[in-house]
Amino acid sequence: MELRQLRYLVAVVEEASFTRAAERLHVAQPGVSAQIRQLERELGRPLLDRTGRSVTPTEVGEAVLPHARAALAAVDGVRQAVAEFGGLLRGRVGIGLVPGTLGHAIDVPGVLAGFHDDHPQVEITLTEATSDLMLTALRRGELDIAVVGLADREPPPGVAVRVLVDVPLVVAVADGHPLLAEYAGRTAVPPTALREHALVSLPSGTGVRGALEGVCAEAGFRPRVAFEAAAPEALTRLAVRGLGAAVVPEAETPGELRTLRIDHPWARGRIALAWRSEGPTGPAARALLDRLRETLPRQGAFAETV
């Protein structure tokens, strides 16, 4: 078994394609296929399912992947540890971001830019996805750090967090929406007020959507989501057009909309810096995490939980 074979295996799984993996690795595609088949012969079991339109790991392949990633991370750690003695930090850091983070008031881009200036040999890769997908990727070791939305009152198992934003969720509606007449003179509404109204929300797997579904479930109903969009500003644009009541964090509503807080202690919009409880594997990822924790704010009931 060679490290090259493990690196090829991980690349093929992440790209779901031998061709794309070969392009990423800058090698010929037949060489990738041959090395993985040799690894499968040595292990005596198929690691990849090649029958579909995309390549996926078999059950055995899924079991092997964490060990393959750990072996590659350990080798990278050896190289990086040696490089640190020369005063030069190297390596690759994978960061996941909820959509809209790069334009948010929390200055993640500024921190990344400063870190890149100080450590130009560190490659930083950015991925945008839903919070649920990124938390899963964190636990699997596919990401080192993520900025995610939190739906639950406690951080997920195996994940440490620093809460960066913690604000109430509001229902943002255009003038003339029935909620304004039903709750005239009020600044907040109970979750039950949402039962009969079409809502505009972030997709499933996001922190805001999880919080919305949680408070509605406690009230005995499922929210009727008529439109979804990936970022809060897109939700409010839909609400301005009268397409529904947008459920968004309090600070992210334009002047054309009227807002009512959702009167429930769990109805919060929370964004958090997240990492594996045991910390990132490589020195570069640990250094970037330290920089983010030193620079970014902390808010909320559990500002930081490890």
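User: At what angle do the axes of helix α5 (residues 108–118) and helix α10 (residues 283–295) cross?

Analyst: This is a predicted model, in which local features need pLDDT of at least 70, side-chain atom pairs count only at pLDDT 80 or more, and totals for chains, interfaces and linings use all residues. Residues are numbered from 1 along each chain as its sequence is written, and side-chain values use heavy atoms, with hydrogens and water left out. Helices are DSSP runs (H or I, at least four residues), numbered from the N terminus, and axes are lines fitted to C-alpha atoms over the stretch in contact, with angles from 0 to 180 degrees between N-to-C directions. The axes of α5 and α10 come within 10 Å and cross at roughly 135°.

User: Which word describes how α5 and α10 lie to each other?

Analyst: Angles under 35 degrees count as roughly parallel, over 145 as roughly antiparallel, 65 to 115 as roughly perpendicular and the rest as oblique. The axes cross at roughly 135°. The two helices, α5 and α10, are therefore oblique.

User: Is Arg-195 buried, partly exposed or exposed?

Analyst: Arg-195 lies in the loop between β7 (188–189) and β8 (199–201), where strands are DSSP runs of E, at least two residues. Buried means under 20% relative accessible area and exposed over 50%, with partly exposed in between (1.4 Å probe, protein chains only). With a relative accessible area of 34%, Arg-195 is partly exposed.
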